[in-house]
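User: I'm new to this one. Can you walk me through some of it?

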Amino acid sequence: MKSIFNKDKVKEVSGEVFKPTRRDFLKTGSLLSGGLALGLSFWSCDTKGAKTALFAPNVYLKIGADGVVSIIAHRSEMGQGIRTSLPLVLADELGADWNKVKIEQGLGDEKYGDQNTDGSYSIRMFYKPFREAGATAKLMLIRAAAAKWNVSETECHTEKGVVLHTSGKSMSFGELAEEAAKLKVPDTSEIQLKRAEDFKLIGKPTPIVDGQDITMGKAVFGIDATVEGMKIAVVKRCPVVGGKVLSFNDEKTKAIPGVLKVVEIKGPGLPATLSKPLSGVAVIAENTWAAIKGREALEVEWDLGPNATYDSDKQIAELVEEVKKKGTPRRRRGDFSKARSSAKKVIEHTYIAPHLAHATMEPPAALAVVKDGKCEVWAPTQNPQGAQTVLAEELGIDKSDVTIHVTLLGGGFGRKSKPDFIVEAALLAKASGFPVKVQWTREDDIHHDYFHALSVQRVVATIDKENKLSGWNHHIAYPSISATSDISVLQPSVGEMMLGAIDFPYNVPSIQIETHDAPSHLRVGWLRSVRNIPQAFAIASMLDEVAEARNMDPVENIIDLLGEDQNLSFDPEIIEGAYPNYGESIEEYPWETARMKAVIRKVAKEANWGRKLPKGSALGFAAHKSFLTYVACIVEVKVNGGDIEIPNVYYALDCGTGVNTDRIKSQFEGGAQFAASFALKSAITFKEGRVVQNNFDGYEIIRMPESPKQIHVHIMESEAKPTGVGEPPVPPFAPALYNAIYAATGQRIYEMPIKLKG
């Protein structure tokens, strides 16, 4: 099975620093009057070291005569702070004054290398080339200064936007930029990266550069984009995925003041694809109100297609029976049957998770202008190059004639990596001749998301006569993301299975992991931490029961099961394919049990694990590695009947070198709140092929009184390569919470969201 996470592009990117030509400036639209400008050319390599992608040069760094350092942010900002953190890496190596650093948002363009901002890999991928770019510019500035002073380069260094000599002489970057620009770009072998102890910005808390504008309401999100003459469109989409328009009557719609045009959008049917819009009818109007009222008046007859009878509760019931059968083997160690037959104790449970929606604060919105064979778009997209490619195909124009302006995103979580809403805007702009902004309502968003698929997982654990965990049999069934593009796909991909399932890291003699058929009836997409959510739920919940069965403390149980310090390799036991390891080699990013044990011990210490709490209160624990980051989590709960309070959440994480500690903590604080909604409230259900919920009254997220009160985040000190932090806080939260609820009440939780007995 092809992996949806088998991203060769994720492999560490190499870069080359160069001086752009005047033509490069004209091509990119960048302006520079004097000063030093450097570009970065990125490429990735295959396993033999050969270049697999070479990108045309572009301008990433400019130092003007005024000393201002301009750095292009080529990734999408959705609250994770990447517009701050990557430039910060470059600025630290350069020795820039952070107060004189200006961030410019890059357009969607392959010349910037990979711009698909998902998978928690922006820092991992670009950390090294951005450091090298900063170090290259620094050396050129130092050489310019050393030549002026007639001193050795080794006697100079940079600090806060100034080149300093040991004699006390100094010159600002602005004073040196013109001279530095005349020098040859040094070879990579000539530059020297800073030692970790010399970092001034990396590893420190730095507020995001967009924070002031966001809090003052000045920031421009996709929903805020405007151009002169712009019209508003809303779309009545087929309520069932795979359906299409049979006919429509727009007589009443056109009678509403402000309505300008009614346009049919022809969807792909099935497969729904990860890029194209659903079938529907759009109403284009002078304003949002007229567009919505026009849509309400629209009469559409649908062909609902083969998913018209889909019922999610029924599918869960079917999968509960399915996972009791023999499945497709995906990983095997030892003989589980033998472990079961000789076990002193067998524990068996089924864990159920529902469909989930992304429900970003900003629903999808995109503005498009199509004129003279060219298309210009403003959109909150995680993947501007992907949007550019799809728009070119849909409009029948060259990709170079499509311009994507990336706005801030009011939340992404994976939803806005799909360009369907951008395609809607472009098609409607072309059909109407107006600049058109497509605006999704909250109801549109909840009805027509790329949903997180429901999941049913059965785990059988055996305890032998020596009180050891002797066997682990994990049965997994959920519709695959791949099925959105190919409805014949019935089982999870290797990429989905690597998210906590086939990389089960514990020292158990017999491991057997099996998957089962689960057809998809909707658009499935990746949602923050993806399949790590249900897989961590099942595994960490069962391991808490294993600890109880072994009469061991849950924390000590996990440390015992991790065994001796070692680097794990899963490939010999995987039945088909290789362990994807998030696109990285297992040699460079090994699965290290010592690092996991370290975060577990740290979180136990920080939470004062084992402390006495009042009746109805307790601590629960879970640990999970995802996106190459090790995370241990302890949740404190206070349960009173059906009411649950979460006074404290404790995280310890090892993400290698922590670039911006302020953002890392923010990601974990937000991740805990995000996960708390899934654990306590959120579920999407389907009846007759349609989503039952309409808005936040039906698809609930936690309210402020239900939120964790205090979230304590400890970042382990490390000089290892940086790894992801956006998604790793989510997976261990729910099982830690559920394990705490069990400790407080004696009630085990086997289905998300929680349904406590009062």
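Predicted model: local features only at pLDDT ≥ 70, side-chain atom pairs only at ≥ 80, totals over all residues.

User: Take strand 21. In which sense do strand 21 and strand 22 pair, parallel or antiparallel?

Analyst: Antiparallel. Strand 21 (residues 455–463) and strand 22 (residues 469–477) share eight bridges. Threonine 462 stands opposite glycine 471 of strand 22. Valine 460 faces asparagine 473 in that way, also in strand 22.

User: What's in the hairpin of strand 21 and strand 22?

Analyst: There are five residues between the strands. Asparagine 467 in this hairpin has a positive phi near 65°.

User: And how many bridges link strand 16 and strand 21?

Analyst: Nine, and that pairing is antiparallel. Lysine 345 has isoleucine 463 of strand 21 as its bridge partner.

User: How many residues of strand 21 are buried?

Analyst: Nine of the nine are buried, so strand 21 is largely enclosed by the rest of the structure.

User: Which way do the residues of strand 21 point?

Analyst: Ser455, Gln457, Val459, Ala461 and Ile463 point one way. Val456, Arg458, Val460 and Thr462 point the other way. Both sets are buried. The background is simple: side chains in a regular strand alternate between the two faces of the sheet.

User: Next, strand 20. Are its residues buried or exposed?

Analyst: Buried. Strand 20 (residues 436–439) points Val436 and Val438 one way, and Lys437 and Gln439 the other way; all are buried.

User: Which sense does strand 20 use with strand 10, parallel or antiparallel?

Analyst: Parallel. Strand 10 (residues 231–237) and strand 20 pair over three bridges. Isoleucine 232 stands opposite lysine 437 of strand 20.

User: What about strand 17 and strand 20?

Analyst: Strand 17 (residues 365–371) pairs with strand 20 in the antiparallel sense, over four bridges. Here alanine 368 is opposite valine 436 of strand 20.

User: Switching to helices. At what angle do helix 10 and helix 11 pack?

Analyst: At about 35°, with the axes 10 Å apart. Helix 10 covers residues 384–395 and helix 11 covers residues 420–432. The crossing of helix 10 and helix 11 is right-handed.

User: Which residues make the contact?

Analyst: From helix 10, they are Ala387, Val390, Leu391, Glu394 and Leu395. From helix 11, they are Ile422, Val423, Ala426, Leu427 and Lys430. The contact residues of helix 10 with helix 11 divide into eight nonpolar, no polar and two charged.

User: Now helix 18. What span should its 13 residues have?

Analyst: At 1.5 Å a residue, helix 18 (residues 733–745) should span 18 Å. Its end C-alpha atoms are 18 Å apart, so the two agree.

User: How many of the 13 residues of helix 18 are buried?

Analyst: 10 of the 13, so to speak mostly covered. Among the buried ones are Phe733, Leu737, Tyr738 and Tyr742.

User: What covers the buried residues of helix 18?

Analyst: The cover includes helix 14 (532–549) and helix 17 (661–680). It also includes strand 26 (617–626), strand 27 (629–640) and strand 28 (643–654).

User: Which residue follows helix 18?

Analyst: Glycine 746, whose phi is positive, near 85°.

User: Last topic, single residues. Where is isoleucine 123 found?

Analyst: In helix 3 (residues 122–149). Isoleucine 123 is buried, because its relative accessible area of 15% is under the 20% cut-off.

User: What is isoleucine 123 in contact with?

Analyst: Leaving aside neighbours within four places in sequence, the contacts are Ile82, Ser85, Leu86, Val659 and Pro722.

User: And threonine 253, buried or exposed?

Analyst: Threonine 253 is buried, with a relative accessible area of 0%. This residue lies in helix 6 (residues 251–254).

User: What does threonine 253 touch?

Analyst: Not counting residues up to four places away in sequence, threonine 253 touches Val259, Val262, Val283, Gly294, Ala297 and Leu298.

Notes. Residues numbered from 1 in each chain as written. Heavy atoms only, no water. Axes fitted to C-alpha atoms, helices over the stretch in contact; angles between N-to-C directions. Helix = DSSP H or I, 4+ residues; strand = E, 2+ residues; numbered from the N terminus. Left-handed = near helix turned anticlockwise from the far one by under 90°. Contact = heavy atoms within 4.5 Å. Nonpolar A, V, L, I, M, F, W, Y, C, P; charged D, E, K, R; others polar. Expected span 1.5 Å × (residues − 1). Buried < 20%, exposed > 50% of the residue type's maximum accessible area, 1.4 Å probe, protein only. Pairing = 2+ DSSP bridges.
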